[in-house]
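Here is a walk through one protein chain, from its overall build down to a single annotated residue.

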Amino acid sequence: MTAANDATTIDKNWVPETRTLLIGDNDVEPGGETWDVYNPATEDVIATVGGATADQVDAAVAAARQAFPGWAALSGEQRSAHIHRFADALERAADRLLPSIVNEVGTPVSLAEYLQVKMAVDEHLRWAAEAAKTDRTIHLGEYDKPVPTMSDVVHDPVGVVAAITGYNYPLNLAIFKFGAALAAGCTVVLFPSPRTPLTTLFLGDLIKEAGLPPGVMNVIVGGTEVGKQLSSHPGVDRVSFTGSDGVGAKIMEQAAANLAGVTLELGGKSPNIVLEGVDVNKIAVEMHLRWSRNGGQGCAALARLLVHDSLYDEFLEAGASAFDQMVVGDPWDRATNIGPMIRPDHQARVQGFIDGSVAEGGKKLLEVTKPLPEKGWYVNPVLLGNLPHDARAVQNEIFGPVAVILPFRDTEEAIRLANDTPYGLAANVWCDDPTEARRVAEQIRAGTVWINGGGAMRPDAPFGGYGKSGVGRELGEWGMREYLEPKHIQWRL
């Protein structure tokens, strides 16, 4: 992906021209409602797209259903080769995927190169391609009641998957879903957020360029009614969705009408715990720069800071310089690390959390105070304090560059506070004692717990959460199993 790493070779104004749906092997003109797509950094309309009709949704599901037997019958090696060729096509298109994402999401280019493009393809899609080769047959051996028998457990692909993605990471979230689904032998109907449809529509071109068999991957776009028809479609065997817990609950209800399985990766209010004895001068800046990444529009943002009361004042002082390093503005400026909110309604929602918290007695303890750009749906990052743990900003996912900080007296109180939300997606524990850090991590009810900052998002590790953070897991072998049905085969000896 060398092209994406050199911004001088990239057309910064480029957005995909594809406006057609991909159904089977056909580029289909959408016949449904139209809407404008905006660049959130400039407020300019960068495209007008059309959504699928009800008949086109049916056609996409039918194409995936028709392609399923042939795709499922391929060997793992054959499916792996197809997925690797698709990854090759994505790599060749890196210099177009990058501006597409920067211009429709607003992620700063300095972050998007890796987080939005390279990680998705080089690490996660390639891992899924290799995972397709795995023989998951389990030999149970002999059983002698009432007669001697032998058993195997094999794994069949679930069938047709509706992959519904969120707006904040359009390529990553799609690959997390279709990578595992294709590797397992499933076929896919891909449906992006209507806020960021352009990158996904462009994937339709790359699917054909890669030579995936017709119908194995289909791409449609649309609004709420199109999404509802897809998630409740009797021809869909599993729905995989990333987004808010409110929408996730509706999708779960819609899929339940057909008893279709669901994988839901939803919201988070992830705690970042600083235990007694930690040198906050080494970690405070890193913590602030992490929760504010992608403008805070990340489900696993560690934006609920729980700091031991003996370190509270020192932590605030140590982290102040992070806000000097936060540059809010043009995503194409490499100095920028905080981009815009996706739409004006979301900007207003995030600002509402800030204003409401202050009105309730909260305080802005640290913030960026430089004037915002005249154009674009920006919010200056802020750290809120002096709030009770049951405050709205402490309990609810804000999905913007806003963090809250609360002191605690001892480790047991930190654990209690960490678990005292409806969510359980991620957490982090800062601790100088590895044994104590592991003890605390094991008591946090979250799908991912990092210790001392952890590391990158591994393609071989599960991602998902407890409670309102979702159902099931993505990535790793655990993500593969979401798209496989175990089958017990038993024979007499």
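**From the whole chain to one residue**

Of the 493 residues in the chain, 58% are buried, meaning under 20% relative accessible area with a 1.4 Å probe and protein chains only. This is a predicted model, in which local features need pLDDT of at least 70, side-chain atom pairs count only at pLDDT 80 or more, and totals for chains, interfaces and linings use all residues. Residues are numbered from 1 along each chain as its sequence is written, and side-chain values use heavy atoms, with hydrogens and water left out.

The radius of gyration, taken over C-alpha atoms, is 23 Å, which agrees with the value near 23 Å for a compact globule of 493 residues, the rule being 2.2 Å times the number of residues to the power 0.38. Along the principal axes, the C-alpha atoms fill a box of roughly 70 × 60 × 40 Å.

The secondary structure comprises 15 helices and 22 strands; these are DSSP runs, numbered from the N terminus, with helices (H or I) of at least four residues and strands (E) of at least two. Among contacts with a separation of 6 or more, 74% join residues 24 or more positions apart, where contact means heavy atoms within 4.5 Å.

Which residue does the UniProt annotation "active site" cover? The unreviewed entry gives Glu-265, and such annotations may be inferred rather than shown by experiment. Glu-265 lies in strand 11, residues 261-265. Glu-265 counts as buried because its relative accessibility is 2%. Beyond its neighbours within four places in sequence, Glu-265 has contacts that include Leu-173, Phe-241, Cys-299, Phe-463 and Glu-474.

Definitions and conventions
Buried means under 20% relative accessible area, exposed over 50%, partly exposed in between (1.4 Å probe, protein chains only).
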